[in-house]
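Colleague: Can you walk me through this one before I set anything up?

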Amino acid sequence: MSVPTPNNSNLFLQQAGIESPIICGAMYPCSNPELVAATSEAGGIGIIQPIAMVYAHQHDFREGIKLIKSLTDKPIGLNVIVEKSVSAYEERMKLWMDIALEEGVRFFVTALGNPQWVVDKAHAKGGIVYHNITSRKWAKRALQAGVDGLICVNEAAGGHAGTLSAKQLYSETYDLGVPVLCAGGIGDENDMLEVLELGYQGVQLGTRFIAAKECQAHMDYKNSIVTATEKDIVLTDKISGVPCAIIETESVKKMGTHAGPIARMLLKGRKTKHWARTYYAILSIWKFKRSAKEGMGYKDYFQAGKSVERITSIESVRDIMEGFKGAIRTRNNIGNSGSKKLTSEMNSPLNKVTLNSSMHSQGAIQDA
Ligand SMILES: Cc1cc2nc3c(=O)[nH]c(=O)nc-3n(C[C@H](O)[C@H](O)[C@H](O)COP(=O)(O)O)c2cc1C
């Protein structure tokens with residue numbers, strides 16, 4: 001019994017064309033090109049967050065991808081937040097996706113709405129789409145749109161967290177016939193092994209990579225992650241209008257974590273919710289950028305998940321990845337020697353999933 005490595009028919013690894021089942025998840029505003037590149041170079045896959053690329057880090061979108069490609073020739077991914085309500089945003093997102101495809105990106109992580117148009121564009125070029133989900137209901141909808149895999153965002157995740165535990169989400173999705181990955185709460189090697197043993201084919205990490213040397217977030221932000229414990233993570237709807245996991249720093253304590261009554265009314269009202277959400281989304285993009293760049297000098301709205309509990313140092317991506325890869329190797333050696341059986345994964349129906357289409361083959365991932 002072993003956890004995923006490239007040669008034990010892990011479909012996710014084959015689809016993404018990577019060596020280790022670890023995604024550095026898209027993070028607004030923390031996904032700078034150097035962080036994305038470093039994760040891919042270390043054998044996982046880094047995901048570009050397009051608004052972080054062009055707004056927070058001020059790169060022309062294509063030039064930003066070229067910068068990443070100058071740092072690694074390994075596969076990279078693009079995050080597509082599917083949002084139909086603002087047509088200018090959707091048009092821009094489609095343009096970014098076309099540019100990404102032209103630049104050879106073949107792995108896409110979608111979030112929120114219906115990923116159909118992303119699947120259509122990606123599959124036409126031999127690409128792969130994984131969708132972030134928080135329940136079986138959303139998983140089934142994404143599968144109707146033709147996604148190739150699911151990323152189960154649990155209640156421990158940083159950013160917009162889910163409501164279910166990693167275990168509950170696995171039991172809600174393992175039988176859906178596509179690889180499922182775990183997002184949320186993974187701060188160290190043991191966290192990762194635990195969810196791989198449960199049967200997940202891979203992991204998507206966010207918070208751990210903010211406390212990486214290559215991440216350009218302010219040192220106040222990184223230090224807050226290193227010193228925070230799980231109980232410091234609170235959900236607030238005050239910044240973006242929807243619940244978001246942040247560190248409860250002194251200024252968050254003063255500010256409170258609940259949107260005021262008028263904001264709540266506007267966010268719920270049938271006629272007002274559209275523009276209220278748009279207003280909050282734009283405001284939060286601006287606020288999160290300032291916090292990540294200016295640290296305590298501004299307001300400390302530091303998005304992070306419960307994995308902070310086990311993140312105790314700021315390391316290079318390479319060292320972080322070496323730790324995770326080493327843990328997988330060690331576990332597999334123990335498994336191979338027969339001294340420890342990882343029975344949950346052995347019984348997992350996901351082990352029966354096989355690569356069934358040339359479209360999904362490794363060589364198609366990044367061929368530009
Ligand atoms: C600061 C921050 C920003 C994030 N921004 C995005 C985003 O723009 N798009 C997205 O799909 N997920 C976003 N996420 C979620 C991550 O991609 C990932 O799923 C999550 O961080 C995993 O949980 P963890 O932080 O416990 O590792 C964000 C997470 C964090 C911490």
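Predicted model: local features only at pLDDT ≥ 70, side-chain atom pairs only at ≥ 80, totals over all residues.

Colleague: Ligand first, then: how many residues surround the ligand, and which are the closest?

Modeller: The ligand is surrounded by 28 residues, of which G25, G158, G159, G206 and G305 are the closest. Two or more shell residues come from each of β3 (77–82), β8 (202–205) and α10 (207–210).

Colleague: And how do the shell residues divide into nonpolar, polar and charged?

Modeller: There are 13 nonpolar and 14 polar residues in the shell, with 1 charged. Domain 1 (11–215 + 310–364) and domain 2 (219–309) each supply at least three residues to the shell around the ligand.

Colleague: Switching to the core, which residues have the most contacts inside the largest one?

Modeller: Those are L150, C152, L181, V203, I210 and A304, in a nonpolar core of 97 residues. Helix α15 (residues 317–337) gives the most to this core, namely 5 residues, and at least three residues come from each of domain 1 and domain 2.

Colleague: What is I210 in contact with, leaving aside its neighbours within four places in sequence?

Modeller: I210 then contacts M27, C30, C215, A217, Y221, K222, I225 and A304.

Colleague: Last topic, α6: which residues are buried there?

Modeller: V118, V119 and A122 are buried in α6 (residues 116–124), and because the buried residues fall within an arc of 100° seen down the helix axis, they line one face. That buried side packs against β3, α5 (87–102), β4 (107–112) and β5 (128–133), whereas the face turned away from it carries the exposed D120 and A124.

How values were computed. Residues numbered from 1 in each chain as written. Near = placed C-beta within 6 Å. Helix = DSSP H or I, 4+ residues; strand = E, 2+ residues; numbered from the N terminus. Nonpolar A, V, L, I, M, F, W, Y, C, P; charged D, E, K, R; others polar. Domains from an automatic or database assignment. Buried ≥ 20, exposed ≤ 12 C-beta atoms within 10 Å, placed from the backbone. Arc of directions from axis to C-beta. Contact = placed C-beta atoms within 7 Å. Core = buried A, V, L, I, M, F, W, Y, C linked by C-beta atoms within 7 Å.
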